[in-house]
Amino acid sequence: MFTDGITTAGGNAAAVAAAAKAQGVIIYVIGLSGNGGIDEQALREWASDPDSAYVAITPDDTELEDLFEDLAKNITSPGATNIEITDTVSPCFRITAVSAPTNGTASLLDSNTVRWNMDELGVTQSEGAVLEFTVKHTGTCSGTVEVNESITYSDDENNVVNFQNPELAVDCGIVIIPENCPDPIALTVDGCEDTIEFDAGQLGLESLGRIVQLDVTLRNVCPNKRVALAVLLNEVDNEGNEHKRGMKVVTVPAHTGTSCRDVTVRCIKFVLPESLDSTKTPDSMCDARNLKARFIANYIDNDFDCCEIKL
C-alpha cells in the first residue's frame, strides 16, 4: 500500500486489512504525506507486524526510489539464511542475562555485546523470531537513555532490516559527592617541649552528623601483653546491604595484674555525616540508622622478651 493513511471513501479500512492478514496476506505500507498530513497510526494498524519491518514513512518523494528498492528486495528474496545479528548496548548498561531465542542460538561476546545466529528465517513461510536479554544500569548517565549503541545485521540474501532502538528513563536519585578532605594545618613540637599550645584558627561546620561511641570489654586478657583491637563500623540500608562507615585500630596497653582479667575499652568514636544516611527518606532528618560493628582483637606481645642490657 502507498498511502497517506487518511480514508476518504469506503468502509472501515482497518477491518479489511485485519481480514486480509488473517488469510495470510502480508501487507507492506509506504506512507507519503499529502496535503492533509499523514495518519501514522492507521499505517501501523493496516501493516503486518512488526511495524519496523512492514512500515516505511518518508517525508517527501526524493526517498521513494530507495524505499521501493529495499521493499522489492524483501518481497522477492526467499527469506533469509545464515543470519547474524550483533547488538552492542550502551556503555551505561551491562548485559546480565540472555534467554534462549525462539530461533537459533545467542551468545555473549562481552558484558555489552550479544550475538544471535540463525540458520534460516522465513524461507518456507512468513515467520518471526524473538531474543530477550536483560540489561542493568551501571554507568553514570541519567535521564532518557538509548539502550543500544549499535546493531548490525547480515544474511546471505542481503536483506534490509531496520531495528528499533528502545529508550529507558534512568533516574539515579540523589547523588552524594563526599566532602573534600580538609586542608591540613601544620604545627611543630620543638625540642624537649612536653606540651604545645597552638591556635588552629576558625573551623566551619561542613554538614549535619552524629557521633557513635562504642565501648567493648575484652575477656580474659593475660597480664603483660598488649592487645591490637580493630573496630569496623558498617551501615545497613533498607535492602540489607552494608556500607562501610569507618575502621579504627587501637593498641590496648598491657595490664600488670597477677592473672588474666577483663579489660574494658571505652570511647571508640565514629563520626556519621547525615549525607551518608543509607536509609534516609525524602524530606526527613534524624532517621533511625541501622549499624553493624565488628571487633577483631589479637595479642601483639606473644613470645616477646625485652633484650638484656649489660652495663
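## Getting started

A residue is called buried when its relative accessible area is under 20%, exposed when over 50%, and partly exposed in between (1.4 Å probe, protein chains only). Y153 has a relative accessible area of 23%, so Y153 is partly exposed.

This is a predicted model, in which local features need pLDDT of at least 70 and side-chain atom pairs count only at pLDDT 80 or more, while totals for chains, interfaces and linings use all residues. Residues are numbered from 1 along each chain as its sequence is written, and side-chain values use heavy atoms, with hydrogens and water left out.

## Aromatic pairs

Y153 belongs to one of the 2 aromatic pairs in the structure. Rings of Phe, Tyr and Trp (its six-membered ring) pair if their centres lie within 6.5 Å; planes under 30 degrees apart are stacked, over 60 edge-to-face, and the rest tilted. Y28 and Y54 have ring centres 4.9 Å apart and planes at 55°, so this pair is tilted. Y28 sits in the loop between α1 (13-22) and β2 (29-32), and Y54 in helix α3 (residues 51-54), 26 residues apart. Helices (H or I, at least four residues) and strands (E, at least two) are DSSP runs, numbered from the N terminus. Y28 is buried at 18% relative accessibility, and Y54 is buried at 14%.

The pair of Y153 and F163 is tilted too, with 6.4 Å from centre to centre and 50° between the planes. Y153 lies in strand β10 (residues 148-154), while F163 is in the loop between β10 and β11 (167-170). F163, at 38% relative accessibility, is partly exposed.

## A disulfide bridge

How many disulfides does a search of the whole structure find? There is 1 disulfide (a pair of cysteine sulfur atoms within 2.5 Å). C92 is joined to C141, with 1.9 Å from S to S.

## A look at N234

Now let us visit strand β13 (residues 227-236), where N234 is found. Is N234 buried or exposed? N234 is buried, because its relative accessibility is 14%.
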